[in-house]
Amino acid sequence: MAARAVQRRARRSEPGTDARVSQLVARHERSLMRVARHWSLCHDDALDAYQRALEIYVRRLDSLDPATEIAWLRVVVKHEALAVRRARAESLPEKEVDFDDQAAEAQRPVDEVLASR
């Protein structure tokens, strides 16, 4: 098992590997970011999803077919964007605050305002 990992690292450090990754990013960055933005809540989340997908791509580079790698990467970008979105949704409070139900401090009785402070 350790020999396989060494072989993978050696293949990743080959000069053609860097060129392959660079060419893919140069050619398809805009379309990949478009996919990430479509499935993300905001631009920053889209960038996170794009970066995570590229990390996965580099890790699996030796097992990918160059003919289908961009289609595969688009799916990975989508799944990463959805994962970032899900994590963001879990960090938000479950109950949405209804500001129309809450009276402004100027409208509340003075004793209630003092008690809340």
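Start by selecting Arg20 and Glu69: their side chains meet in a salt bridge, with N and O 2.6 Å apart. Keep in mind as you click around that this is a predicted model. The pair ties together distant parts of the chain, since Arg20 sits in helix 2 and Glu69 in helix 4 (residues 69-91), 49 residues apart. Arg20 is partly exposed, at 22% relative accessible area, while Glu69 is buried, at 8%.

How many salt bridges does a search of the whole structure find? It finds three, so let's visit the others.

Is Asp45 buried or exposed? With a relative accessible area of 1%, Asp45 is buried, whereas Arg88 counts as partly exposed at 36%.

Next, select Glu80 and Arg52, another salt bridge, with 2.8 Å between the closest N and O atoms. Here too helix 4 is linked to helix 3, with Glu80 in the former and Arg52 in the latter, 28 residues apart. Glu80 is buried, with a relative accessible area of 13%; Arg52 is partly exposed, at 35%.

Now turn to the surface and highlight Arg30, Arg34, Arg37 and Arg74, which gather in a patch of positive charge. Which helix gives the most to the patch? Helix 2 (residues 15-39) does, with three residues. Finish on Arg30, found in helix 2: it counts as exposed because its relative accessibility is 70%, and the cut-off for exposed is over 50%.

Key:
Residues are numbered from 1 along each chain as its sequence is written. This is a predicted model: local features need pLDDT of at least 70, side-chain atom pairs count only at pLDDT 80 or more; totals for chains, interfaces and linings use all residues. Side-chain values use heavy atoms; hydrogens and water are left out. Patches are made of residues with over 30% relative accessible area and no salt bridge: like charges are joined within 9 Å, nonpolar side chains (Val, Leu, Ile, Met, Phe, Trp, Tyr) within 5 Å. Accessible areas come from the Shrake-Rupley method with a 1.4 Å probe; for residues, only the protein chains shown count as cover. A salt bridge is a side-chain nitrogen of Lys or Arg within 4 Å of a carboxyl oxygen of Asp or Glu. Lys and Arg count as positive and Asp and Glu as negative; His and the chain ends are not counted. The place of a charge is taken as NZ of Lys, CZ of Arg, CG of Asp or CD of Glu. Helices (H or I, at least four residues) and strands (E, at least two) are DSSP runs, numbered from the N terminus. Buried means under 20% relative accessible area, exposed over 50%, partly exposed in between (1.4 Å probe, protein chains only).
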